[in-house]
Amino acid sequence: MMWKKINITPYGAWYGMNGVAWCAIFVSWCANKAGILGTVVPKFHWCASGVNWFKARGRYMRRGMVTPKSGDVIFFYTGSEGFYHVGIVNYVKNGVVYTIEGNASDANWSVVLLHKFMNETIQSRNTNVWLNS
């Protein structure tokens, strides 16, 4: 189906940029709804620009430095792709990180609750996280 490939979402409409990968746009939209856009979380559509924003404010932590907690923004990185995905930590329980992510499946407007095993995901995929406290 063609509509699945065009990434037309309410989040992209809010951002003013539809038809693109929208995981970062979704995180920005959530921050806007929470009243923390621009102060705690940037308005960004590209993962690397979000990482740079947190780094510039001393709010970026690499894997192994922290255990993610609820409300943290978590970035996913591989050597071949760079920073390719972002989500929000819902909670951590028994070594599993549960996240809320946009654009994480084949459904066009998908917002999904996912779980990531810390030992596999954070260490092998080089996941990075910033702290909101």
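Phe 44, Trp 53, Phe 54, Tyr 60, Phe 75, Tyr 77 and Phe 83 make up one aromatic cluster. The model is predicted: local features need pLDDT of at least 70 and side-chain atom pairs count only at pLDDT 80 or more, while totals for chains, interfaces and linings use all residues. Residues are numbered from 1 along each chain as its sequence is written, and side-chain values use heavy atoms, with hydrogens and water left out.

**Aromatic pairs**

- Searching the whole structure gives 14 aromatic pairs.
- One of them is Phe 26 with Trp 29, a stacked pair with 6.1 Å centre to centre and 20° between the planes.
- Rings of Phe, Tyr and Trp (its six-membered ring) pair if their centres lie within 6.5 Å; planes under 30 degrees apart count as stacked, over 60 as edge-to-face and the rest as tilted.

- Phe 26 and Trp 29 both belong to helix 3 (residues 23–34), 3 residues apart, or about one turn of the helix; helices (H or I, at least four residues) are DSSP runs numbered from the N terminus.
- Phe 26 is buried at 4% relative accessible area, whereas Trp 29 is partly exposed at 25%.
- Tyr 77 and Phe 83 have ring centres 4.7 Å apart and planes at 55°, so this pair is tilted.
- Tyr 77 is partly exposed, at 26% relative accessibility.
- Buried means under 20% relative accessible area, exposed over 50%, and partly exposed in between (1.4 Å probe, protein chains only).

**Charge over rings**

- Lys 43 lies over the face of Trp 14, 5.0 Å from the ring centre.
- Lys 43 also lies over the face of Tyr 15, at 5.1 Å from the ring centre.
- The criterion is NZ of Lys or CZ of Arg within 6 Å of the ring centre and within 35 degrees of the ring normal.

Notes: Helices (H or I, at least four residues) and strands (E, at least two) are DSSP runs, numbered from the N terminus.
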